[in-house]
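Take a look at the chain below. Keep the sequence at hand as you read, and find each residue as it is named.

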Amino acid sequence: MATLQKKLAEQIPQYREKIKSFAKEHGDKEISKVTVGQFLGGLRGVMGLLCDTSVVEPDKGLIIRGYPLLEIKDKWPEEIFFCLLTGEFPDAEAKKALQMDLDKRSYVPEYVWDVLMAMPEDSHPMAMLNTAILVLERESVFRKMYSEGMTKDQYWIPALEDSLSILAKIPSIAAGVYRIRYGHGDVIPWTMGLDLGANYANMLGIPDPTGEFAELMRLYLTFHCDHEGGNVSAYTCFTVASALSDPYYSASAGLNGLAGPLHGLANQECLNWILELMEKFGGVPTEEEIDKNTRETLAAGQVVPGYGHAVLRATDPRFAGFLEFGKQHIPDDPVFMTVARVFDVVPKVLKEFPKIKNPWPNVDAGSGSLLYHYGLREFEYYTVLFSVSRVMGMMAQLILHRGIGTAINRPKSLDFNRLSGLV
Ligand code: CMX
């Protein structure tokens with residue numbers, strides 16, 4: 001099979017033509033309406049964005065290029081990236097070529113470490129990660145080629161270059177952030193020839209005598225890779241990239257969105273909620289205690305972290321996958337047992353509140369307990385793990401949009417007078 005670059009060079013011109021002729025033929029047809037509720041409510045359900053890397057079905061969850069997530073959960077993150085972009089998994093040769101390419105790009109320049117070391121000790125790890133990506137912007141091939149002049153149909157080529165470099169460097173940077181921020185010792189370098197998930201696990205420096213932590217990292221990176229185009233991080237990345245800001249600016253922007261407590265930062269809240277629950281009841285709580293605590297959280301006007309979703313209306317398959325991993329490897333861990341029991345109780349309570357559209361767990365409800373078990377206990381760091389994965393989806397979407405020449409994003413806003421005049 002051809003390398004990723006060759007495969008895209010075959011596919012992108014056809015994709016561009018397909019979209020172009022579709023726009024020409026159907027450009028005037030209406031596909032979506034907007035109610036005032038949607039207008040004022042985060043545009044929920046309004047169809048206004050093309051995303052061919054993945055879809056999220058309310059009842060099935062994440063489907064990557066036609067593959068339901070749990071059917072491809074054993075694929076490695078680099079294979080997933082290949083598939084997000086091309087719709088196919090690489091054969092052994094193409095996978096090896098991609099891994100060697102990432103190896104070559106993995107070096108993180110010294111100036112990045114200098115900046116990270118100079119940041120205040122209490123900086124949030126997400127602020128450190130995003131600063132590092134912005135500092136690296138000077139490496140952008142896209143920006144250089146754009147300023148030298150290139151045709152629109154070439155945009156995807158340097159976008160892919162930059163994206164691969166970001167993908168190759170982000171595990172080292174993220175692991176470095178962990179070691180610097182929490183005083184775990186020197187930064188551990190990337191190991192040539194080791195896959196992305198195992199490399200990240202190794203660079204974090206978490207002891208892993210059984211190899212289970214590396215297995216968890218592969219799963220984690222695969223599960224969080226993409227979630228169609230309208231979530232805050234993907235949409236932010238898309239908007240910034242639509243101005244032809246290069247992939248470094250775009251990735252950093254998207255990840256700043258991921259750092260919000262209603263999006264990627266929720267995973268740090270989830271484990272907190274579980275541990276507080278355990279502390280309050282002196283160990284693994286009973287179902288009655290969980291019920292009581294959930295109601296107290298709601299009565300205090302707080303959200304139950306890890307539950308609910310803007311699109312999903314069923315248990316997130318990513319949660320189900322993590323639950324399966326936990327049952328297989330750490331069934332007797334008390335934190336994991338609490339997570340599993342919370343899953344038996346919380347949906348029943350949330351269902352009593354009709355305004356909560358989805359009472360089921362999302363991806364963040366379970367992953368923290370697994371990380372905690374293997375010794376990654378700095379909750380604030382969890383969104384960085386999410387970022388290392390999500391950057392794959394954001395970059396894949398960006399490359400495809402550059403491939404088809406998507407226009408600058410510019411929806412129309414209305415002032416309240418205009419809005420009220422329309423109803
Ligand atoms: N606990 C308590 N209340 C909840 C809730 C939860 N888990 N989920 C939704 N609600 C509430 C909302 O806060 C909202 O209340 P108000 O009308 O008073 O503002 C109401 O139910 C309706 O919300 P919704 O339409 O069901 O959900 P949204 O699309 O507005 O929000 C989400 C989705 C994820 C932000 C929300 O479910 C939430 O805050 N969950 C907890 C945080 C969380 O787990 N986030 C992780 C998301 C995963 C990801 O990043 O993809």
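What follows is a short walk through some helices and loops of this model.

One point comes before the rest: the model is predicted.

Start with a pair of helices. Helix 3 covers residues 77–86. Helix 4 covers residues 92–105. Their axes lie 10 Å apart, and the packing angle is about 105°. Angles from 65 to 115 degrees count as roughly perpendicular. Helix 3 and helix 4 are therefore roughly perpendicular to each other.

Which residues of helix 3 and helix 4 meet? Helix 3 brings Glu 78, Glu 79 and Phe 82. Helix 4 brings Ala 94, Lys 95, Leu 98, Gln 99 and Leu 102. Sorted by kind, the residues of this contact are four nonpolar, one polar and three charged.

Now pick out one residue of that contact. Glu 78 sits in helix 3. Is Glu 78 buried or exposed? Its relative accessibility is 3%. Buried means under 20%, so Glu 78 counts as buried. What does Glu 78 touch, leaving aside neighbours within four places in sequence? Its contacts are Leu 98, Gln 99, Leu 102, Asp 195 and Leu 196.

Move on to helix 8, which runs through residues 156–181. Helix 8 has 26 residues. From first C-alpha to last it reaches 35 Å, close to the 38 Å expected at 1.5 Å a residue. Where does helix 8 have a kink? The kink is at Lys 169, shortly before the proline Pro 171, and amounts to about 35°.

Ser 165 is a residue of helix 8. With 12% relative accessibility, Ser 165 counts as buried. Beyond residues up to four places away in sequence, Ser 165 touches Arg 105 and Tyr 248. Just after helix 8 comes Gly 183, with a positive phi of about 60°.

Arg 65 is not a glycine, yet its phi is positive, at about 50°. Look for Arg 65 in the loop between strand 2 (61–64) and strand 3 (67–68). Its relative accessible area is 28%, so Arg 65 is partly exposed. Leu 244 has a positive phi too, near 65°. This leucine lies in the loop between helix 11 (232–242) and helix 12 (247–258). Leu 244 is partly exposed, with a relative accessible area of 23%.

End with another loop residue. Leu 376 lies between helix 17 (364–374) and helix 18 (382–404). How accessible is Leu 376? Its relative accessibility is 0%, so Leu 376 counts as buried. Leaving aside neighbours within four places in sequence, Leu 376 has contacts that include Tyr 178, Leu 204, Ile 206 and Phe 213. Tyr 381, Tyr 382 and Leu 385 are also among them. Take Ile 206 from that list. Ile 206 is 170 residues away from Leu 376 along the chain. The C-alpha atoms of Leu 376 and Ile 206 are separated by 7.2 Å.

Note on methods
Residues numbered from 1 in each chain as written. Predicted model: local features only at pLDDT ≥ 70, side-chain atom pairs only at ≥ 80, totals over all residues. Heavy atoms only, no water. Axes fitted to C-alpha atoms, helices over the stretch in contact; angles between N-to-C directions. Helix = DSSP H or I, 4+ residues; strand = E, 2+ residues; numbered from the N terminus. Parallel < 35°, antiparallel > 145°, perpendicular 65-115°, else oblique. Contact = heavy atoms within 4.5 Å. Nonpolar A, V, L, I, M, F, W, Y, C, P; charged D, E, K, R; others polar. Buried < 20%, exposed > 50% of the residue type's maximum accessible area, 1.4 Å probe, protein only. Expected span 1.5 Å × (residues − 1). Bend = angle between axes of the 7 residues up to and from the residue.
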